[in-house]
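Here is a briefing for a first look at a protein fold. Keep the sequence and the 3D view open side by side as you read.

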Amino acid sequence: MKPFRKNVAIAIDGGGIRGIIVARALATLERHLRQPVHKVFRLAAGTSTGSIISTSIAAGLTAAQLTQLYTSLGTTIFKKTWRTFLWPLSRFRYSHKPLINALREHIGTMKMEDFWTADPPTDVVITTFDLLTNKTCFIKPWKKEYKDWPVIWAILASSSVPTYFPIVDGRYVDGGIGSYANPCYLAAYEAKFCLKWDPNETTLISLGTGRGPNGFKAGNARRFMAWDWLSPTLDAFIESAGDQQVHLVDTFFQDLDFRRFQVDLKESIPMDDPAQIQNLTKYGEQMGKMILNDQFDRAQGITAQIPVK
């Protein structure tokens, strides 16, 4: 693995329980660096499950603690109840309560501004989509409108996937609803234009939560009924938007030491299936090795072919 530059940032995708892939990969990185990740990253950006990991890093949790958090919470948060069995007759499938209790234990009553006033300070960027304004919001510890937000509140706002969890404050839903399920471009922008970091002195690590198989075979889409298009269309939108963010960083931040890592899943793994924890852990170990060997995601390094007249 190439050494990191002076300033180091991390950006983490959404993906529900698949966040354990990132937690496990970071545990591998911790062992390699021989120090906890919160001493490495001074900027952490995250969407949805990425918001849990990024804020936990800024709060001082180790990757080993994060892995344990995801492992223990899987069956607690995504517990099967009458809501899950009667969905879609219910408004959402899972309660926020188990997640809130776990976050209180690990993060406590921290407010967003506490990240910025700490020594050393850590910048955090969390995305959420505001249904009232129909815009993505970027929750940061130094912004006046968000500095008093409880960190737990910010996490819930970023990770409340519609139909899975209740809407926060009647307006905030998962940050991946917009264009930023992969927040790597946000992290690059924050580093250069807000923190004024020199891209030549900055490393940005971007971690995905697994690229699923597309499930298409030659000709099988011809037999699709209307409802058969829902899942592949959503998957295509999320993955295409995520790859676009990678391309934007490659294009507009060429002096940045940008490293994007992603694993290809052999099977489709839902964001709420705790039975897959052991399998996801193995994918996390695979990603950890990719980080140590600088094996970047195939979406990185793709450049537009401009015709020459």
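This is a predicted model: local features need pLDDT of at least 70, side-chain atom pairs count only at pLDDT 80 or more; totals for chains, interfaces and linings use all residues.

Residues are numbered from 1 along each chain as its sequence is written, and side-chain values use heavy atoms, with hydrogens and water left out.

**The nonpolar cores**

- The largest nonpolar core has 66 residues. Such a core is a set of buried Ala, Val, Leu, Ile, Met, Phe, Trp, Tyr and Cys residues joined through side-chain atoms within 4.5 Å. Buried means under 20% relative accessible area, exposed means over 50%, and partly exposed lies in between (1.4 Å probe, protein chains only).
- I10, L26, F41, I57, M112 and L207 touch the most other members of this core.
- Helix α1 (residues 19–33) gives the largest share, eight residues. Helices (H or I, at least four residues) and strands (E, at least two) are DSSP runs, numbered from the N terminus.
- Another core, of 17 residues, lies apart from the largest one. Among its members are A11, A187, V246 and L256.
- What does L26 touch beyond its neighbours within four places in sequence? L26 is in contact with I10, V37, F41, I53, I57, A63 and L207. Contact means heavy atoms within 4.5 Å.

**Helix against helix**

- α1 packs against helix α10 (residues 277–292) at an angle of about 45 degrees, and their axes are 7 Å apart. Axes are lines fitted to C-alpha atoms, for helices over the stretch in contact, and angles run from 0 to 180 degrees between N-to-C directions.
- α1 and α10 are therefore oblique to each other. Angles under 35 degrees count as roughly parallel, over 145 as roughly antiparallel, 65 to 115 as roughly perpendicular and the rest as oblique.
- The α1 and α10 crossing is right-handed. A crossing is right-handed if the near helix is turned clockwise from the far one by less than a right angle, and left-handed if anticlockwise.
- From α1, the contact residues include I20, I21 and R24. From α10, they include I277, L280 and T281.
- The axes of helix α5 (residues 97–106) and helix α7 (residues 151–159) come within 10 Å and cross at roughly 140 degrees. This pair is therefore oblique as well, and the crossing of α5 and α7 is right-handed.
- L99, I100, L103 and R104 of α5 meet I152, I155, L156 and S159 of α7.
- Is α7 enclosed or open? Eight of its nine residues are buried, so α7 is largely enclosed by the rest of the structure.

**Strands**

- Strand β6 (residues 202–207) and strand β7 run parallel and are joined by five bridges. Two strands pair if DSSP finds at least two bridges between them.
- L204 has F258 as its bridge partner in β7.
- In β7 (residues 257–261), five of the five residues are buried. Both faces are covered, with D257, R259 and F261 on one side and F258 and R260 on the other.
- Strand β3 (residues 123–130) and strand β4 (residues 135–139) run antiparallel, and five bridges join them. T127 stands opposite F138 in β4.
- β3 and β4 form a hairpin with four residues between them. N134 in the turn has a positive phi of about 60 degrees.

**Helix α8 and K192**

- Buried residues of helix α8 (residues 184–194) include C184, L186 and A187.
- K192 is also found in α8. K192 is partly exposed, with a relative accessible area of 34%.
- K192 and F253 are 61 residues apart in sequence and 8.9 Å apart in space, C-alpha to C-alpha.
- Leaving aside neighbours within four places in sequence, K192 is in contact with W197, P199 and F253.
- K196 follows α8 and has a positive phi, near 60 degrees.

**Loops and backbone details**

- The peptide bond from D119 to P120 is cis, with omega near 0 degrees. P120 lies in the loop between α6 (113–117) and β3.
- R34 is in the loop between α1 and β2 (43–47). Its phi is positive, near 60 degrees. R34 counts as exposed at 79% relative accessibility.
- D169 lies in the loop between α7 and β5 (172–174). D169 is not a glycine, yet its phi is positive, about 55 degrees. D169 counts as exposed at 52% relative accessibility.
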